[in-house]
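Keep the viewer open as you read.

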Amino acid sequence: MKLLQIHTFYSNYLDDFYTRYPHLQHVPFAEQMAALVQDGFAAVHMLAPHLRRLGYNSQLVIANNLPSQLAWARENGLSNISQQHWLLEITRRQVEKIKPDILYLSDPITFDSRFVRALTWKPSLVLGWRAAAIPNGTDWTEFDLILSNHTPSRERALACGAKATEYFQPGFPEFLAEAVKSEVKLWDVVFAGGVYADHTQRLAYLKEVAKAPLGPKGDFSLAYFILSSPEVLPAGVSMYNQGARWGMEMYRPLKKARIALNIHIDLTQGEKGKEGGNMRMFETTGVGSFLLTDDMVNIRQYFEPGVELETFQSPPELIEKIHYYLEHPDAREAIARRGQARCLKEHSMSKRVMELNNIIQKYLSKSSASRNVSNADAAIQQALTHLNANQNQEALTLLNQVLQNQPELVTLYYGKAVALARLSRISEAVETVTQLLAKVPTHEKGKQLLMELQAYQALASSPLKSQSPPVSVPHLMQQAHQALTANDPTHALNLLSQAKALKQPAQNLDTLRAMCFLKLNQAGAAWQALLEELRYFPNNADAKNLLRQIDTQVPQLKTSQIQDPEFQELFNRVRSHTMLSEARLYSLFSLVKRICIENVPGNIVECGVAGGGSTALMALVIKRYTKQPRWLYAFDSFEGLPPPTQPDKHQGMPALATGWATGTCAGSEEHLRNLCVQLDIADLVKPVKGYFQDTLPNMRNWVGMIALLHLDGDWYESTKVILHHLYDRVVNNGFLQVDDYGYWEGCRQAIHEFETSRSLHFEINQIDDTGVWMVKPDQFPLNPVLPPQLINEFLQDDPVRLGLQSQMSQNERFQLYYALRKLLPTSAAAPLRFIEIGAFAGASLWLTCQALKRVTPHFQGFAIEPGNHPQLLEVLKHVRPYVTHLPMLSPQAVPQLQQQFARDGNFPLFIFVDGDHTYEGVWRDAMDYFQLLAPGGLMVFHDYLPPLSDENLEAILFHHGGKEPGVRQAFEELVECTYGEVVEIPLLSPTDPAQTMAYLPIIPGVVSTLRAYRKTE
């Protein structure tokens, strides 16, 4: 049976490996792979070589290793390999050449379902492995199985579309223990691993250990082998760091340690607590060293603490146990021996491949069975025919038969639920669709059906059902008035809730609600109901008088508590238009002000507007403080709340019984627009009318990137919809504020369900008894192929960090930086010259100069820009020693530059074109300036966009004032066909969807609009 395992290695390791063994770059593919396997990097995951002992015809590919992949391409007659897409292209050809029965993708992020779908050869079984963060948007619908020893990863895998998951863990190859057995102990304490900015727990422990040798218990020798950047490591840790070690050179220090530390990364939280089981546990015990690791809920699943390894739960305990086991070498070495014996017995690669074989056989059997489902397919088709013909009992019978034999076909539960609902078996239908969503949480039709069924149940239990003749708002108000007169405010409030659900504003409806709330000793609710009354009927004298009475009797509802004069000024302008507490409004004020001052990119999005007071407050802050363009999108039905569902309760009381349900919290779109006009913020606020499930799917790209997402949707389903569609648009370190977290149980449930499904941990900041805010805890993952030092230097040099306005996204700024740092020819005349056409506000000019300063002290630039943007003038002051400003159009500058370059023979190595974007303008710049570019030099263009389509038309034209930029058309015809070759530039964050300025709509399918060409020698 053929098995192909496709893996990727850290680029740092591959660089190190071929530096140590340079001759291996030129040997055959099989020889390179054998040497890599023998070196032991990530050996606990390299299963393919060991499966051969079980009779598999198994092969291993390291897909991102260019030397071995090029060797394979040569040996198999592949030519014309794309320099830009070689990784995916060669790997795809390997699958199609080998034709494996089992395809094991142990990097299913690089090789996701898009890769599988592109294959012409379809394996019988597609497996993946993941026990780390899973980027948003990951597609695993083509995977039969995801393996992991990490519970949240397995849960997330199902949400990403994987058909199944299985528990599986790394295995220790026995040959590694033999390879280092002669190493002698050299250091008391050793740690080997990566430390990045988000490894907060790991770094905290390493700092404490670094202090310990200076403590009262005496000195011990300490060696760190850390992959990190200087900015991340404090001096105390850096002084012990000997740099990263890879492969066999990493196992040797582990063996030389008397105590080897293991500290799991922050992403370890499972359903029952922090889960352990990383590679270092097996590598350390496998080579026979004493392992001291942070305690985890599942640690005893692998080793027995105190017997086969030792654990700690706090920094003091860690330091105490280091000293103890250094003072008791016999106990330490006995634990190390038992740990190695357990590892080699239960966690060896020999045992692990047996377990993998069993899993493969199990799922191959399932796959084989699925090929014999013609009868089931026929039954399903017949059932669908019955459903379409409204023959629901017949459809239900067939679906039950199929599900009895093939329960894994969980999507059939949707059809079953439809049939049950049509047969008026509502409770069974709810139970069935709930089973579906437990297995497939992203099933949109299932979620919609559940909402409709629960709304039907609520309506069926409502007193409205028994009213005859049909009820009307005046009739219900009359009955409510009678109930109030009879001193039955609960019944009166129930009748008024029915009236609100009809969504027909009527004078004094909310005034009556306020009177009910006062009878029930809920002055705050009464006050809010009166504000709602006055939004629709601002001249209602009864409502105004009652509001004044409440203000007098309960002054704390209006009295200012926040001692911030600026906030109070704005607060007083919006107070009568909002249902939010002063504390929650102050939180919004503070967060938006912080976003503006710190120049965090992105728009503000509010989901749930009601009277618009919070909308107006945030817009006023934007107008006062923002350093870059940004808008505030205000989403609301403008008809009040939709029907609540079963989870929507307050202290166990269903929402329907609280007086706050369907149709409440209402405010008209006209009211919001009038308020914005009065406050002179109408140009900043963009209302979007409709229920979230209808508007957000269509607007998620249009709102651009989000700096602050204000969730004020009250209900469970509303909160889920907001997070599902908008969370992935929140920028790194952006903010979320949730208005109803502490009040509505369904809202809180939705937040934590989302948190679990994404393997996140929200650090909740309490505002008052109901509102909370948090910083987005995850970030768009950095490109793993990029050197950390280069990333850190870019972040230091990024002009946006200094508050400069840039028209390029962070990905585009990094690509410009990367091209200057990594892609320019190394041998060039001095000074190194560059040209920028269209400097506009100067941000890219600043970044270019910062990048070149790290390359050479001798460079000279020419900025062609006829405009005088104030920011450009400031930038020019700082770059004047290096840059000449040519305040003219690009065609006018050509003769002057050509004469200067020809005079000394030093032509520019880099030209950045961001000027006239019309077809004619781009064509002219290409013709004029490509001839000035030195051979081997780079020309980079901004705003290279795909052809217009129905999907991207509106966004592209919005970005460019209703006109399609001509960059692509001009260069497809000119540069790509005639002058130069396209150069691939990696992205900083491949999943970050932002393009150009974050406040603009996201263009579907576009992550960067930079295009680079190299002039052939």
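## Helix α37 and its cover

Start with the buried side of α37: Ser890, Ala893, Val894, Leu897, Gln900 and Phe901 are all buried there. Bear in mind that this is a predicted model. The cover over those buried residues includes strands β23 (832–837), β24 (859–864) and β25 (883–886), along with helix α38 (919–930). As a general point, an α-helix has 3.6 residues a turn, so residues three or four places apart point the same way.

The helix itself runs over residues 890–904, which makes 15 residues, and it reaches 22 Å from its first C-alpha to its last, close to the 21 Å expected at 1.5 Å a residue. Look for a kink of about 25° centred on glutamine 896.

## Where α34 meets α35

Two packed helices are described by the angle between their axes and the distance between the axes. For α34 (residues 810–823) and α35 (residues 843–853), the axes come within 9 Å and cross at roughly 35°. The crossing of this pair, α34 and α35, is right-handed.

Which residues in α34 and α35 meet? From α34 they are Arg813, Leu816, Tyr817, Leu820 and Arg821, and from α35 they are Ser844, Leu847, Thr848, Ala851 and Leu852. Sorted by class, this contact of α34 with α35 has six nonpolar residues, two polar and two charged.

## An enclosed helix, α31

Helix α31 (residues 716–726) is largely enclosed by the rest of the structure, because nine of its 11 residues are buried. The buried residues of α31 are Tyr716, Glu717, Ser718, Thr719, Val721, Ile722, Leu723, His725 and Leu726.

Serine 718 is worth a click. This residue sits in helix α31 and counts as buried because its relative accessibility is 9%, where the cut-off is under 20%. Leaving aside neighbours within four places in sequence, serine 718 is in contact with Pro642, Phe692 and Gly713. Serine 718 and alanine 750 are 32 residues apart in sequence, and their C-alpha atoms are 8.8 Å apart in space.

## Helix α13

In α13 the buried residues are Leu318, Ile319, Lys321, Ile322, His323 and Tyr325. What covers them includes strands β7 (187–194), β9 (257–262), β12 (291–294) and β13 (310–312), plus helices α9 (200–211) and α14 (329–346).

Most residues other than glycine have a negative phi, and most peptide bonds are trans. Serine 759 has a positive phi of about 55° although it is not a glycine. You'll find serine 759 in the loop between α32 (745–757) and β21 (765–766). Serine 759 counts as partly exposed, because its relative accessibility is 21%.

Phenylalanine 840 also has a positive phi, about 45°, and is not a glycine either. Its place is in the loop between β23 and α35. With a relative accessible area of 36%, phenylalanine 840 is partly exposed.

Threonine 8 lies in the loop between β1 (2–7) and α1 (11–20). Beyond its neighbours within four places in sequence, threonine 8 is in contact with Ile62, Ala63, Asn64, Asp107 and Phe111. Threonine 8 and leucine 987 are 979 residues apart along the chain, with their C-alpha atoms separated by 18 Å.

Alanine 133 is in the loop between β4 (125–129) and β5 (145–148), and is partly exposed at a relative accessible area of 44%. Its C-alpha is separated by 21 Å from that of proline 986, 853 residues apart along the chain. Serine 124 sits in the loop between α6 (113–117) and β4, and is partly exposed with a relative accessible area of 29%. Serine 124 and leucine 909 are 785 residues apart in sequence and 51 Å apart in space, C-alpha to C-alpha.

Terms used:
Residues are numbered from 1 along each chain as its sequence is written. This is a predicted model: local features need pLDDT of at least 70, side-chain atom pairs count only at pLDDT 80 or more; totals for chains, interfaces and linings use all residues. Side-chain values use heavy atoms; hydrogens and water are left out. Axes are lines fitted to C-alpha atoms, for helices over the stretch in contact, and angles run from 0 to 180 degrees between N-to-C directions. Helices (H or I, at least four residues) and strands (E, at least two) are DSSP runs, numbered from the N terminus. A crossing is left-handed if the near helix is turned anticlockwise from the far one by less than a right angle, and right-handed if clockwise. Contact means heavy atoms within 4.5 Å. Ala, Val, Leu, Ile, Met, Phe, Trp, Tyr, Cys and Pro count as nonpolar, Asp, Glu, Lys and Arg as charged, and the others, Gly among them, as polar. The expected span of a helix is 1.5 Å times one less than its number of residues. The bend at a residue is the angle between axes fitted to the seven residues ending there and the seven starting there. Buried means under 20% relative accessible area, exposed over 50%, partly exposed in between (1.4 Å probe, protein chains only).
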